[in-house]
Amino acid sequence: MSPARLRPRLRFCLLLLLLLVPAARGCGPGRVVGSRRRPPRKLVPLAYKQFSPNVPEKTLGASGRYEGKIARSSERFKELTPNYNPDIIFKDEENTGADRLMTQRCKDRLNSLAISVMNQWPGVKLRVTEGWDEDGHHSEESLHYEGRAVDITTSDRDRNKYGLLARLAVEAGFDWVYYESKAHVHCSVKSEHSAAAKTGGCFPAGAQVRLESGARVALSAVRPGDRVLAMGEDGNPTFSDVLIFLDREPDKLRAFQVIETQDPPRRLALTPAHLLFTANNHTEPAAHFQATFASQVQPGQYVLVAGVPGLQPARVAAVSTHIALGAYAPLTRHGTLVVEDVVASCFAAVADHRLAHLAFWPFRLFHSLTWGSWTLGEGVHWYPQLLYRLGQLLLEESSFHSLGMAGPGS
């Protein structure tokens with residue numbers, strides 16, 4: 001690997017470790033008597049006309065590209081959900097309820113921001129002046145047409161608060177925040193399709209893994225602490241502890257890439273930005289197979305499958321797409337797992353499996369320190385989202401899956 005490519009990876013890992021040092025300290029026995037309490041972090045307001053992150057809105061590092069206007073009569077209208085949060089005031093000057101309609105990601109960020117506003121200014125509420133636009137009042141390709149953008153103020157309309165309001169929106173998780181006007185702050189989010197793609201990679205609910213007991217179970221039945229078949233660094237099969245799910249959404253329909261092999265026949269469905277291991281010939285040792293995005297796998301390449309004995313190459317015969325229910329992304333201690341007898345990485349969105357596994361080293365350490373006492377949640381875990389944001393700052397755009405241009409599914 002060239003020094004030019006190595007440097008940003010070293011910076012990425014160093015920054016990750018620096019960010020997580022306070023969290024590691026938090027795993028200790030508690031605050032020492034007599035120690036100084038750390039003062040709360042000071043929030044710096046955005047300056048007028050400043051945007052965060054400092055890239056154009058419809059690019060990889062922000063909210064992603066425009067995907068097309070949503071009308072009430074279109075199929076995509078079902079992607080929008082109404083927001084009836086009583087702690088948010090909706091201007092709704094059209095009297096159609098359009099300002100309340102937004103994507104689930106936008107709704108979640110807005111609800112989080114509403115809490116921050118009330119905490120910051122007691123008695124003041126968040127106010128939405130513009131949400132989903134069905135009347136063409138915004139510029140061409142505005143994310144307002146997709147329910148992915150809102151213009152906001154505070155309920156008291158105190159313009160002296162808007163710079164800090166913008167900062168609170170950044171902290172609430174909006175993917176792009178712009179102190180656009182003296183009269184409002186503009187916020188937007190990634191699309192529902194691409195948001196998942198950036199932070200995780202998944203398998204459908206019914207995809208099966210093999211437990212150490214020899215039983216085959218669906219991923220929907222797997223729990224942290226189970227030991228599943230995986231691949232070690234030496235390219236040999238091993239059983240690895242499931243630490244947690246990076247993404248777990250039982251009720252979501254997802255589009256999956258289907259990889260079918262022959263000699264032996266296998267069929268694996270996984271999201272397009274998920275990594276699995278490929279080679280261009282069957283003589284390559286298993287440890288030398290390269291991590292490849294599922295969407296880039298081509299017939300004629302070879303993937304690794306569980307055989308007798310050990311792991312063996314199988315030629316890809318066909319690649320297709322399929323819609324299935326559920327999205328499950330388990331993380332194992334080895335960073336790999338065997339699903340439907342095909343070896344896959346636990347990681348997605350970023351092309352380098354080894355870098356991703358290294359970046360999760362603090363996560364594995366914390367898991368060991370907490371004796372594995374982590375609960376089974378739903379949705380995308382915060383840690384891969386943090387890593388993705390760091391990667392946006394430190395890695396080249398070519399390091400990410402191309403779906404990232406649409407706006408870690410997957």
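Helix axes here are lines fitted to C-alpha atoms over the stretch in contact, and angles run from 0 to 180 degrees between N-to-C directions. The model is predicted.

**Exercise 1. Helix against helix**

Describe how α2 and α3 pack, and classify their angle.

*Solution.* 
Step 1. Two packed helices are described by the angle between their axes and the distance between the axes.
Step 2. For α2 and helix α3 (residues 162-171), the angle is about 135 degrees, and the axes are 9 Å apart.
Step 3. Angles over 145 degrees count as roughly antiparallel, and 65 to 115 as roughly perpendicular. The pair α2 and α3 is therefore oblique.
Step 4. The handedness of the α2–α3 crossing is right-handed.
Step 5. On the α2 side, the contact is made by L113, S116, V117 and Q120; on the α3 side, by L164, L165, L168 and A169. Six of these residues are nonpolar, two are polar and none is charged.

**Exercise 2. The sheet and its edges**

State the strand order of the six-stranded open sheet, and explain why β1 and β3 are its edges.

*Solution.* 
Step 1. The order reads β1-β7-β8-β6-β5-β3. Pairing in this sheet is mixed.
Step 2. β1 (51-52) and β3 (88-90) each have a single partner strand, so one side of each has no neighbour in the sheet.
Step 3. β5 (residues 126-130) and β6 (residues 149-154) are antiparallel, with four bridges. Across this pair, E130 faces D151 of β6.
Step 4. α2 (residues 104-120) lies across β3, β5 and β6. Its direction makes an angle of about 140 degrees with β5.

**Exercise 3. A residue in β8**

Is V185 buried or exposed, and which residues does it contact?

*Solution.* 
Step 1. The relative accessibility of V185 is 0%, so V185 counts as buried. The cut-off for buried is under 20%.
Step 2. Set aside neighbours within four places in sequence. V185 then contacts V150, D151, I152, Y162, L165, A166, V177, Y178 and Y179.
Step 3. Look at D151 within that list. V185 and D151 are separated by 34 residues in sequence, yet their C-alpha atoms are 5.5 Å apart.

**Exercise 4. Backbone exceptions**

*Solution.* 
Step 1. Most residues other than glycine have a negative phi, and most peptide bonds are trans.
Step 2. P53 sits in the loop between β1 and β2 (80-82).
Step 3. P264 is in the loop between β12 (237-262) and β13 (266-270).
Step 4. D263 lies in the loop between β12 and β13. Its relative accessible area is 64%, so D263 is exposed.
Step 5. E141 is found in the loop between β5 and β6. With a relative accessible area of 38%, E141 is partly exposed.

Terms used
Residues are numbered from 1 along each chain as its sequence is written. This is a predicted model: local features need pLDDT of at least 70, side-chain atom pairs count only at pLDDT 80 or more; totals for chains, interfaces and linings use all residues. Side-chain values use heavy atoms; hydrogens and water are left out. Two strands pair if DSSP finds at least two bridges between them. Helices (H or I, at least four residues) and strands (E, at least two) are DSSP runs, numbered from the N terminus. Contact means heavy atoms within 4.5 Å. Angles under 35 degrees count as roughly parallel, over 145 as roughly antiparallel, 65 to 115 as roughly perpendicular and the rest as oblique. A crossing is left-handed if the near helix is turned anticlockwise from the far one by less than a right angle, and right-handed if clockwise. Ala, Val, Leu, Ile, Met, Phe, Trp, Tyr, Cys and Pro count as nonpolar, Asp, Glu, Lys and Arg as charged, and the others, Gly among them, as polar. Buried means under 20% relative accessible area, exposed over 50%, partly exposed in between (1.4 Å probe, protein chains only).
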